[in-house]
Amino acid sequence: MIRKTISIFLDKKQRKEKITMLTCYDYVTAKLISSQGIDVLLVGDSLGNVKLGYENTLSVTVDDMIYHTKSVNRGNDGALIVTDMPFMSYEICVEDSVRNAAKIVKEGGAQVVKIEGGVEIADRIKAISDAKIPVVGHLGLTPQSINKLGGFKVQGRTKKSYDKLIADAEKLEEAGVFAIVLEAIPEQLAKEITERLNIPTIGIGAGRYCDGQVLVVDDLLGMFTDFTPKFVKRYANLGETIKTAVKNYITEVKEGKFPQEKNIYR
Ligand code: KIV
């Protein structure tokens, strides 16, 4: 199996072809999604919400990220694997950030790491990049800053925050990121950032002009329904399909209709 490489980011931007990215946290889903030709599987720390049932992503550890990246890696057929660096795995110092990024690549098998934040983490992005690990940035609504942002709110709506996000994006490009995820910002701001940068932008709640799009796979499939942001489009309702299947199973077991002749050994 030949995996896509970071060259798809620039190639696709230059060819004006949209980059497709979905989050993914396990073997079975990786197999299903990568068989359809998705460009990038993002092992997002959103696994804290959708797989571990936490209220936010702050409790997710480097070991959680490695465990899920390994699982995705085994099911992946050809997509580029990007793994999130979780909260406090890069904030403390440059050395820590390089050590944790290396752990995620060496033990988990990720090809690229993703880090949330702007100008203030540029030194860490450069250090990780210098250690031969490609980095994707993440700006706008950065869920690891939830306590500082005061909730899951659209970012970049004031002049000050609009200008800061443009400055952040330019700084991240200079520091060496290969792409930037833009989350929950006005479409016009995402358009301006996308036009200013040579590297691609991947939007989630950032409108139509980004170079690519990403969604949380459990949102797209209708599996995670605790909360649904406005930017989500649900392409299936697997949650309901699962409930119906389990209900039917329980009924059939109770009524002695399962197992059937074809399910038993002679
Ligand atoms: O963790 C995640 O799923 C993400 C996406 C929302 C981009 O960072």
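How far is an oxygen atom of the ligand from an N or O atom in the side chain of aspartate 45? In this predicted model, the separation is 3.1 Å. Local features were taken at pLDDT of at least 70 and side-chain atom pairs only at pLDDT 80 or more, whereas totals for chains, interfaces and linings use all residues. Residues are numbered from 1 along each chain as its sequence is written, and side-chain values use heavy atoms, with hydrogens and water left out.

For serine 46, an N or O atom of the side chain is 2.5 Å from an oxygen atom of the ligand, and a polar side-chain atom of aspartate 84 lies 3.0 Å from a ligand oxygen. The protein buries 95% of the 260 Å² that the ligand exposes when taken alone (Shrake-Rupley method, 1.4 Å probe). The surrounding residues (a heavy atom within 4 Å) include Thr23, Leu42, Asp84, Lys114, His138 and Glu183. By class, this shell comprises 4 nonpolar, 4 polar and 4 charged residues (Ala, Val, Leu, Ile, Met, Phe, Trp, Tyr, Cys and Pro count as nonpolar, Asp, Glu, Lys and Arg as charged, and the others, Gly among them, as polar).

Aspartate 84 and lysine 114, both listed around the ligand, also form a salt bridge, with the closest N and O atoms 2.7 Å apart. Lysine 114 lies in strand β4 (residues 112–116) and aspartate 84 in strand β3 (residues 80–84), so the pair ties together parts 30 residues apart in sequence. Helices (H or I, at least four residues) and strands (E, at least two) are DSSP runs, numbered from the N terminus. Both residues are buried (under 20% relative accessible area; exposed is over 50% and partly exposed in between, with a 1.4 Å probe and protein chains only).

The whole structure contains 22 salt bridges (a side-chain nitrogen of Lys or Arg within 4 Å of a carboxyl oxygen of Asp or Glu). One of them joins aspartate 211 and lysine 13 at 2.9 Å, N to O. Because aspartate 211 lies in the loop between β7 (201–204) and β8 (212–215) and lysine 13 in helix α1 (residues 7–15), this pair ties together parts 198 residues apart in sequence. Aspartate 211 is buried at 14% relative accessibility, as is lysine 13 at 15%.

Aspartate 218 and lysine 51 meet in a salt bridge at 3.0 Å, N to O. This pair links helix α10 (residues 217–220), which holds aspartate 218, to the loop between α3 (47–50) and α4 (62–75), which holds lysine 51. Aspartate 218 is buried at 5% relative accessible area, whereas lysine 51 is partly exposed at 35%.

Terms used:
Polar contact = N/O pair within 3.5 Å; in protein donor to acceptor, adjacent residues only side chain to side chain.
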